[in-house]
Amino acid sequence: MFTKEYALSLLNTGSTEVEALYRRADEVRKHACGEDVFLRGIIEFSNICAADCTYCGIRASNREVERFKIPSDEIVETALAAKSAGITTVVLQAGESQAVSDQELGQIIRRIKEESGLAITLSVGNRSEQTYRYWQACGMDRYLLRFETSDAELFGRVHGSCSLDERLECLRSLRRLGVQTGSGFLIGLPGERLEILADNIMLCRELDLDMIGIGPFIPHPHTPLGSFPNAYADQPEMFFKALAVLRIFNPTAHIPATTAFDAVFPDKGRDLLLQRGANVFMPNITPAKYRSMYLLYPNKPGLVESECECLQCAAHLVKRLGRPIGKGPGHTLKRR
Ligand code: SAM
């Protein structure tokens, strides 16, 4: 039943049946994950990046970016403040570089774990199995690394520094170590066809991921793909259909309502996603003074709110939907 042809037929759902597709995705979510919405506070702790992904606003070659790295103490304090505000997971995300060394990051993880017991997710790109093992020993619970596209040729075109195989090998390393593993993809990279989108969904299922994050590609003017529109620019409903089909194909994965949806559908993207298959929300808790420097794409929401306002917004949104905020760390729902 869960074939690529079936995924394609669901992605081709016409406008008269699309609400039924969303209702089905919402029911699958409710049945497999329950009503809880888990909050994961994301700290974008550095925009220094050695990679040169052609879609990304913080790519190494973008000289317009003012680079920053949040000092270790401030990262730990931010995590501890989030814990006091009721957050149970922090996600530490940054560009791919040694600007914060593996050891320094290990110490940050250790301190957050010892001082708060928070669940810790890392998202800092391709690393060796040895490094992942070290961070796991420090207290890392989860890792997010999108494969971005399942099409090896398209992957090669948008990433200078690594191949799709290398990225998938990182995901396999994480899985071998028993780290809860998240991946996902960009929807609508220039050159993507519907076939590739269906393959992306199939690859998520094949990898049996604990968490899956997807979001529309948004052209950033200071990147090589800046003047290329999203492949579904004329049918933005496809972004929501992709998430609904993803949920139907991956019932027990944690699926966040990602920020990029709010950039495309201001004030309602993430809200709608939580009603169309998503069960996780990731408020941005990066200290406000750094936010505008972590501009992966234009119109990124939440650039001026304080950490506290972002958390309050998230809590209001979840309440408005009549759903409870998940208690506890919200670990993987997969039983292996
Ligand atoms: N360096 C780490 C990595 O690549 O996994 C983490 C940071 S990276 C900036 C986080 C994610 O941002 C990427 O996985 C990518 O999907 C997303 N992203 C980057 N540029 C984007 C754009 N122009 N539109 C939408 N999402 C984008």
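1. The model is predicted, so local features need pLDDT of at least 70 and side-chain atom pairs count only at pLDDT 80 or more, while totals for chains, interfaces and linings use all residues. Residues are numbered from 1 along each chain as its sequence is written, and side-chain values use heavy atoms, with hydrogens and water left out.

2. Helix α4 (residues 102-116) and helix α5 (residues 129-138) have axes that come within 8 Å and cross at roughly 25°. Helices (H or I, at least four residues) and strands (E, at least two) are DSSP runs, numbered from the N terminus. Axes are lines fitted to C-alpha atoms, for helices over the stretch in contact, and angles run from 0 to 180 degrees between N-to-C directions. α4 and α5 are therefore roughly parallel to each other; angles under 35 degrees count as such, over 145 as roughly antiparallel, 65 to 115 as roughly perpendicular and the rest as oblique.

3. On the α4 side, the residues in contact with α5 include L105, I109 and K113, and on the α5 side they include Y134 and W135. Contact means heavy atoms within 4.5 Å. By class, this contact has six nonpolar, four polar and three charged residues. Ala, Val, Leu, Ile, Met, Phe, Trp, Tyr, Cys and Pro count as nonpolar, Asp, Glu, Lys and Arg as charged, and the others, Gly among them, as polar.

4. The axes of helix α1 (residues 4-11) and helix α8 (residues 194-207) come within 9 Å and cross at roughly 120°, which makes α1 oblique to α8. K4, A7, L8 and L11 of α1 take part in the contact, with α8 residues including L194, L197 and I201. The contact divides into eight nonpolar, no polar and three charged residues.

5. The largest nonpolar core has 101 residues, and F45, L92, L105, L122 and Y143 have the most contacts inside it. Such a core is a set of buried Ala, Val, Leu, Ile, Met, Phe, Trp, Tyr and Cys residues joined through side-chain atoms within 4.5 Å. Helix α9 (residues 237-249) gives the largest share of this core, ten residues. A second, separate core of five residues includes I42, V91, V280 and M282.

6. T181 lies in strand β5 (residues 180-187). Is T181 buried or exposed? At 1% relative accessibility, T181 counts as buried; buried means under 20% relative accessible area, exposed over 50%, partly exposed in between (1.4 Å probe, protein chains only). Leaving aside neighbours within four places in sequence, T181 is in contact with residues including Y143, L171 and M211.
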